[in-house]
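This note is written for a colleague who is meeting the structure for the first time. The points below may be read beside the sequence and the model.

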Amino acid sequence: MTSVASPEPAAGRREVRPGGWLAWLGATDHKRIGLLTLGTSLVLLFLMGVLALLMRSQLAQPDEHVFDPHTYNQLFTIHGSGMIYLVLTPFAIGLGVYLVPLQIGAPAIALPRTTLLAYWLYAVGAVVMLSGFATTGGAHASGWFSYPPLADSEYEPGAGSDLWIAGVVMSAVGMILMGWAVLWTALRKRPDGMTMLRMPVFTWSMVATCLMVVGAFPSLLAAMALLAVGRGDPSVFASNVWNIGYQHLFWFYGHPVVYVMFFPYLGAVSEVLAVFSGRRFFGYKGTVLSLLAFAGLSMSVWGHHMFTTGQAADDYYSLMSIVLLIPAGVEYFGMLGTILSGRLRLRTPMLFALAFIPQFLIGGLTGIMVGTPVVDYHVTDSYFVVAHLHYVLFAGSAFGLFAAVYFWFPKATGMMLDERLGKLHFWLAVAGANLTFLPMFGLGYLGMPRRVSTYSPFDGFGRLNLLASIGAGILALSMAVFAVNIIGTLNRRALHGSEHQAPDDPWEGHTLEWATSSPPPSLNFTPEHPLPPIGSFAPLLDLREQAGPAVPGQAEGPA
Amino acid sequence: MTHRQVFGQVFTVESAIAGAVFVAVLGLLLYSVVRRRAAAGATPSQRAELPGPEKFYVGVLIAVAAFLVAWTAWQNHRETHEHAAGAPVVVDVTAYQWCWAFTYPGDGGGSPSAPPPTTPPTAPQSPCLAGHYPTLVVPTGRTVRVRITSADVIHSLWVPELRYKMDAFPHHVNTFTLTVDRQGRWIGRCAEFCGERHYAMHFWFKAVSPRQYAAWAHSHSGTGQAGASA
Amino acid sequence: MRDHAAYWVVAGWGAWNALLLAVLGIYGENGLVFWLWGGVVALLEVAALAVLASARRGSEEQTAYQAPVAGTAGALPAAVAVGLVAFGFAYGMWLLAVAVPLFGVAAALRSRPVRADRED
């Protein structure tokens with residue numbers, strides 16, 4: 001049994017909560033910091049998406065001159081850098097900041113001031129990185145991995161590159177601090193009854209994520225330090241040791257980060273699948289173990305990005321990359337087992353979660369292919385890899401992101417997003433994502449390198465590129481629908497004040513965040529919304545089952 | 001075309017496995033959406049896990065992984081260690097912003113002691129700029145040893161037809177061998193982003209009969225020039 | 001084992017990394033990599049010990065909380081000051097004249113909660 005963990009305010013001291021937008025800037029409530037992070041990264045998602053649309057307009061047909069090569073090189077560099085450093089990573093960790101204290105039944109996050117500082121370092125870091133566009137030489141243009149010597153001051157002398165390095169460092173430090181706070185919360189701030197094996201699947205995905213953040217992100221700081229030193233003294237990169245050394249330092253971070261940009265979304269998808277299947281997530285223990293195993297293996301495979309350098313232990317990285325299919329397979333066992341034995345309700349969050357399953361799989365299976373050197377020697381650095389990475393990160397993780405937004409938006413804001421717009425967003429996204437990225441497998445196989453600002457009419461790449469660009473247009477439409485839904489809903493709330501439209505638990509949720517109000521009070525659980533008893537990783541489901549057979553469709557929020 | 005053959009086998013097998021897995025998962029998903037819908041009257045199971053089938057399933061995953069690891073490692077070594085008969089023909093490649101220089105330091109007979117040149121030819125303009133892509137000429141049926149370096153930033157030599165690429169690092173020489181079994185001329189590309197004209201840094205890869213090659217080598221004796229075409 | 005599950009998760013994950021690193025030793029790799037990954041393993045074990053120390057000091061599952069500080073005004077100025085240092089690389093180090101005082105402001109504001117205007 002649990003005791004109520006929500007604290008009674010000390011006698012004579014009333015619970016105060018700062019008001020006004022100024023207070024948001026200094027907030028130590030993890031929900032506010034979480035929303036700041038999620039909101040900032042969502043805005044940047046749209047901005048980076050616009051960059052991609054510009055790129056696709058340049059590549060739709062051969063020999064176009066919409067953008068000159070130098071501009072195009074800035075576009076793809078900042079698109080990649082922005083999406084990875086400033087969007088998917090912060091959104092993932094921000095989800096943890098918002099949800100982990102709620103899911104474990106804690107009133108607050110550990111280290112709240114550090115968490116807030118982390119947010120501001122990230123946000124200001126984003127401004128610093130993007131301000132490169134305003135410099136005379138333009139933004140950084142050496143690609144998001146920024147290999148020296150190309151990224152050195154000799155070949156890329158502009159201030160935009162210095163600002164890029166500073167922006168990366170600031171946001172990475174922010175993510176390390178934020179990740180550590182989330183990890184410490186899950187490990188040390190659980191109330192009575194919330195044992196490690198009663199933490200929800202999403203929280204476990206955050207634990208694995210934050211272990212990778214703590215283990216791998218410092219290596220990025222080392223790589224950036226090396227790059228900064230080299231920009232001060234280019235003779236550093238006159239020795240191959242540091243050129244190949246940079247790649248090791250960079251990819252030691254660069255592989256785990258893609259799992260940081262995958263696990264929280266996988267966790268969100270798992271929560272959604274369980275709730276909308278009306279049963280607890282299937283195969284919990286196997287899933288927890290495989291998350292930890294997967295995360296460890298992810299630290300060992302970075303060299304598969306370096307097969308063609310001729311200077312990496314190919315066999316080892318290939319071995320470990322293929323072994324990844326074992327924990328990945330266990331994850332799929334859990335997801336499929338949940339829906340195969342469930343009672344499915346096909347609301348918007350569930351649609352995105354279901355599409356994640358086959359779409360991420362395409363990315364994962366092609367990942368095994370590029371993880372074998374024989375195949376990689378042909379397809380690396382081509383559009384085949386661009387297709388692979390966008391399947392895992394967009395058709396996979398971003399779909400998990402959309403599922404998370406539709407699922408938890410009512411909890412965070414007290415408003416339900418529009419269901420019809422949600423379904424329209426979904427179908428446009430499925431069509432757009434697959435039309436954009438599937439042809440790219442063909443392009444890479446046929447010999448189109450990545451990071452090219454144009455191609456010749458004689459290459460034979462025109463038709464597939466046109467398809468991809470049309471797909472990008474459809475994706476842009478889907479994102480516009482998404483924006484209209486969010487902005488429209490928030491507008492309604494602003495116009496109609498605090499008139500709540502979402503109940504505490506619009507979806508018949510399983511985990512503790514659904515036991516409190518929407519939005520939750522500042523200390524999450526109060527005498528009005530006390531912590532329920534915690535007997536498993538699905539405490540609300542337990543309560544419902546104990547109360548007797550559920551009436552189907554009960555407690556659904558308005559459509 | 002060892003690289004191409006090995007690639008073909010591995011890519012086909014992996015695609016087949018991937019295709020089968022995808023179809024299976026998609027099938028299970030569609031079954032769930034159709035037959036397990038609330039509207040279809042399904043009732044959710046309360047079974048938390050199925051340890052028996054899960055363990056069996058993990059066993060299958062391990063077996064597939066073990067097969068792929070062993071088989072692809074063997075294929076990788078086949079690809080990178082096979083040699084045709086006879087002494088290798090050596091070609092030195094220097095990549096630079098934004099074209100290629102190919103030199104031929106002499107036929108076979110052990111590895112020439114001189115490393116590939118690291119300074120590009122002092123032509124007023126790189127040939128690539130004018131659309132005259134340089135040609136890398138090799139004889140069919142013989143091992144060709146390519147030694148590749150860069151004069152400035154990292155580039156990568158990719159011949160899609162061969163299904164192979166190798167990076168060009170400055171202050172470092174990468175070496176690989178290839179064997180071409182039929183004559184032809186195929187496009188080659190730079191496959192590591194190297195700056196403004198990365199998109200235009202192409203070359204031709206041309207395989208000719210050993211007799212034609214001998215004639216060509218004789219007329220271009222010693223160091224060949226960038227832009228040489230047979 | 002169950003008593004300090006959190007410690008075992010971190011320590012165990014560090015050990016798993018150590019095992020994978022040891023296997024790499026069999027294959028051989030650039031020396032830099034062993035220092036890098038070895039350092040990470042050490043860092044993880046230190047983190048695990050921090051978790052253990054914290055668990056020993058307080059109960060494993062916390063029931064008593066301090067109500068957190070209502071807000072902190074120092075974080076934003078601190079981040080902006082760091083940003084100004086970054087801009088110094090592009091626009092000149094005179095910006096430090098603004099950044100350094102701003103760090104001071106941030107430090108002074110660090111423990112002061114944001115003014116409370118209304119209550120929940």
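Which side chain meets that of Glu49(B) in a salt bridge?

1. The partner is Lys285(A), with a distance of 3.7 Å from N to O. The model under discussion is a predicted one, and this remark applies to every point that follows. Over all chains, the structure holds 14 salt bridges.

2. The extent of the interface may be considered next. Chain A contributes 87 residues to the contact, and chain B contributes 69 residues. About 6,400 Å² is buried between chain A and chain B, and carbon and sulfur atoms account for 67% of this area. There are also 25 residue pairs in polar contact between chain A and chain B, with both residues at pLDDT 80 or more.

3. On the side of chain A that touches chain B, several helices each supply at least two residues, including α3 (69–104), α7 (240–254), α10 (284–298), α13 (348–370) and α16 (419–446) of chain A. The largest share comes from α12(A), with nine residues. Sorted by class, this side of chain A has 47 nonpolar, 28 polar and 12 charged residues.

4. The side chains of Arg231(A) and Asp162(A) meet at 2.7 Å, N to O. This pair links distant parts of the chain: Arg231(A) belongs to helix α6 (residues 201–232) of chain A and Asp162(A) to helix α5 (residues 159–188) of chain A, and the two are 69 residues apart.

5. Chain B has an open sheet of four strands with mixed pairing, in the order β2-β1-β4-β7. At its edges stand β2 (99–103) and β7 (174–179) of chain B; each has a single partner strand, so one side of each is left without a neighbour in the sheet. On average, neighbouring strands of this sheet are turned by 25 degrees against each other, direction ignored. Ala95(B) stands opposite Ser150(B) in β4(B).

6. Chain B also has an open sheet of five strands, ordered β3-β9-β8-β5-β6, again with mixed pairing. Its edge strands, β3 (135–139) and β6 (164–168) of chain B, each pair on one side only. Strand β5 (residues 155–159) of chain B pairs with β6(B) in the antiparallel sense over five bridges, and Ser156(B) stands opposite Asp167(B) in β6(B). Helix α3 (residues 210–219) of chain B lies across β3 and β9 (203–208) of chain B, running at about 125 degrees to β3(B).

7. A cis peptide bond, with omega about 0 degrees, joins Pro148(A) and Pro149(A); Pro149(A) is in the loop between α4 (112–130) and α5 of chain A. In chain B, the peptide bond from Gln97(B) to Trp98(B) is cis, with omega near 0 degrees, and Trp98(B) is in the loop between β1 and β2.

8. What is the phi of Leu111(A)? The value is near 55 degrees, which is positive in a residue other than glycine. Leu111(A) is placed in the loop between α3 and α4 of chain A.

How values were computed
Residues numbered from 1 in each chain as written. Chains lettered and ligands numbered in written order. Predicted model: local features only at pLDDT ≥ 70, side-chain atom pairs only at ≥ 80, totals over all residues. Heavy atoms only, no water. Contact = heavy atoms within 4.5 Å. Buried area = accessible area lost by both parts, 1.4 Å probe. Salt bridge = Lys/Arg side-chain N within 4 Å of Asp/Glu carboxyl O. Polar contact = N/O pair within 3.5 Å; in protein donor to acceptor, adjacent residues only side chain to side chain. Nonpolar A, V, L, I, M, F, W, Y, C, P; charged D, E, K, R; others polar. Pairing = 2+ DSSP bridges. Axes fitted to C-alpha atoms, helices over the stretch in contact; angles between N-to-C directions.
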